[in-house]
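Morning, everyone. Please bring up the sequence and the 3D view, and keep both open while I talk.

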Amino acid sequence: MLDDSQLEKAKSMSIIVTKGTLDWAYPPFILGTTAAAMDVEVTMFFTFYGLVLLKKDLNLGFSTLGNAAMEMPMMGGHMKMPNMVSMLPGAGALAGTMMKNLMAKKGVASIEDLREAAVDLEIRMIACQMTLDLFEYSKDDMIDGIELGGAATYMETALKSDINLFI
């Protein structure tokens, strides 16, 4: 655990964002916006499937497959969804809708709201150029205010960062 003097010295953070499902979109945006609100300089590098989080039109999927820890509050308790159910057509969409409804009910900000907060907090968001090319996206598909860069662009920042996260 860092003491207060060590925390005061941590003034920069970089996050590699590699996943673009609803459940994996929250950690980088919550950690990034929280750090930025605490006057930490934040850079987020979106690569591979994380790149979709920068698209203008978000349509985030959700998968329960392989997520044995997922329990949803239901009928006064917590219910796990067996992996077998995840294979049924529409199960992921149903679980995603349930998750979005639960988050709205509990007052959790949407990914769109968190992304807007990231822009407002002047978080540096870098879209991986190689991934953009690989998946045949253009910068026009992405939100305004991002920059394009590659691994070297990220590394220049990461080497100077006090905190580096891979999500």
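First, the ground rules. This is a predicted model, where local features need pLDDT of at least 70, side-chain atom pairs count only at pLDDT 80 or more, and totals for chains, interfaces and linings use all residues. Residues are numbered from 1 along each chain as its sequence is written, and side-chain values use heavy atoms, with hydrogens and water left out.

The protein chain has 7 helices and 7 strands. Those are DSSP runs, numbered from the N terminus: helices are H or I with at least four residues, strands are E with at least two. From the N terminus, the order is α-β-α-β-β-β-α-α-α-β-α-β-α-β. Of the 167 residues, 37% are buried. Buried means under 20% relative accessible area, exposed means over 50%, and partly exposed is in between, using a 1.4 Å probe and protein chains only.

Now strand 5, residues 124-128. What does strand 5 pair with over 4 bridges? Strand 2, in the parallel sense. Two strands pair if DSSP finds at least two bridges between them. Look for Phe45 opposite Ile126. Strand 5 also runs parallel to strand 6, residues 147-149, with 3 bridges. There, Cys128 stands opposite Gly149.

Next, the cores. A nonpolar core is a set of buried Ala, Val, Leu, Ile, Met, Phe, Trp, Tyr and Cys residues joined through side-chain atoms within 4.5 Å. The largest has 33 residues. Among those touching the most other members are Phe29, Met44 and Met125. Helix 2 gives the most to this core, 6 residues. A second, separate core has 6 residues, including Phe45, Ile126, Tyr154 and Ala158.

That brings us to helix 7, residues 151-158. Which residues of helix 7 are buried? Tyr154, Thr157 and Ala158. They sit on the same side of helix 7, because they cover an arc of only 95° around the axis. That arc is taken from the directions from the helix axis to the C-beta atoms. On the other side, Ala152 and Glu156 are exposed. The cover over the buried residues includes strands 1, 2, 5 and 7.

Conventions: Contact = heavy atoms within 4.5 Å.
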